[in-house]
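Dear colleague,

Please find below the structure I promised to pass on to you. My notes on what was found in it follow directly after.

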Amino acid sequence: MSDDTLELARQAGWTLPAGIWDSLSDYNRLFVRGEFTAPRTLDYYRRRLEGLGLCGHGRVLDAACGMGQWTVALAGLNAEAWGVDLDPELLRVARALAGAHGLGNTDFRYAPLERLPYADACFDAAFCYGAFMFTDMARAAAELARVLRPGGRLYVNANTWGWHAHLLLDRGLAARNLHVVRMALRALV
């Protein structure tokens, strides 16, 4: 992959520490190129969250936060944004990303969505984008409901077959990326 990704991410409003970039796998570098460069600017994420009513809250949970791009955007729109994920490498990136953006209102933890390490009713809103379908959905939904305060706002995006078809066709076959083709085929079969 070309070394212009960090510059393209910077132009899109993101600050990615070089030390983090150097430690990423090829797959995660490809992810950064797709999710941290135009048209997916930091403002793009903020506008999407504003449109979902995920702004002006106290504490917001980013469930399955991954690299933290949604957490960073949530932190700019709410009093606190806490991320939880199962991948230590991605949590390390999320912490570094939040730090590089000078955010002191974030917290990141390692935990499955089916067993969130939080007290009952401690979040004003919860957000889960593109990972819910990889969980025991009934248990994860129950946990999200448990940690949300009464009347709290919940957004869950659970794309399944469509996402894997997109990976296979658009990011795999069209881009002639055999790694992505193999990954998408394993998920579809």
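Helices (H or I, at least four residues) and strands (E, at least two) are taken here as DSSP runs, numbered from the N terminus. On that basis aspartate 124 belongs to strand E4, which covers residues 123-129; please keep in mind throughout that this is a predicted model.

The side chain of aspartate 124 comes to 3.1 Å from the backbone nitrogen of glycine 58, and, when neighbours within four places in sequence are left aside, its contacts are His57, Gly58, Arg59, Leu148, Arg149, Gly152 and Arg153.

Strand E4 is part of an open sheet of five strands, ordered E3-E2-E1-E4-E5 and paired in parallel.

Helix H6 (residues 88-100) touches E2 and E3, with its direction at about 170° to that of E3, whereas helix H7 (residues 137-147) touches strand E1 (59-63), E4 and E5, with its direction at about 140° to that of E5.

Finally, glutamate 35 lies in helix H3 (residues 26-35). Its relative accessible area is 11%, so glutamate 35 is buried, and its side chain makes a polar contact with the side chain of arginine 40 at 3.5 Å.

Conventions:
Residues numbered from 1 in each chain as written. Predicted model: local features only at pLDDT ≥ 70, side-chain atom pairs only at ≥ 80, totals over all residues. Heavy atoms only, no water. Buried < 20%, exposed > 50% of the residue type's maximum accessible area, 1.4 Å probe, protein only. Polar contact = N/O pair within 3.5 Å; in protein donor to acceptor, adjacent residues only side chain to side chain. Contact = heavy atoms within 4.5 Å. Pairing = 2+ DSSP bridges. Axes fitted to C-alpha atoms, helices over the stretch in contact; angles between N-to-C directions.
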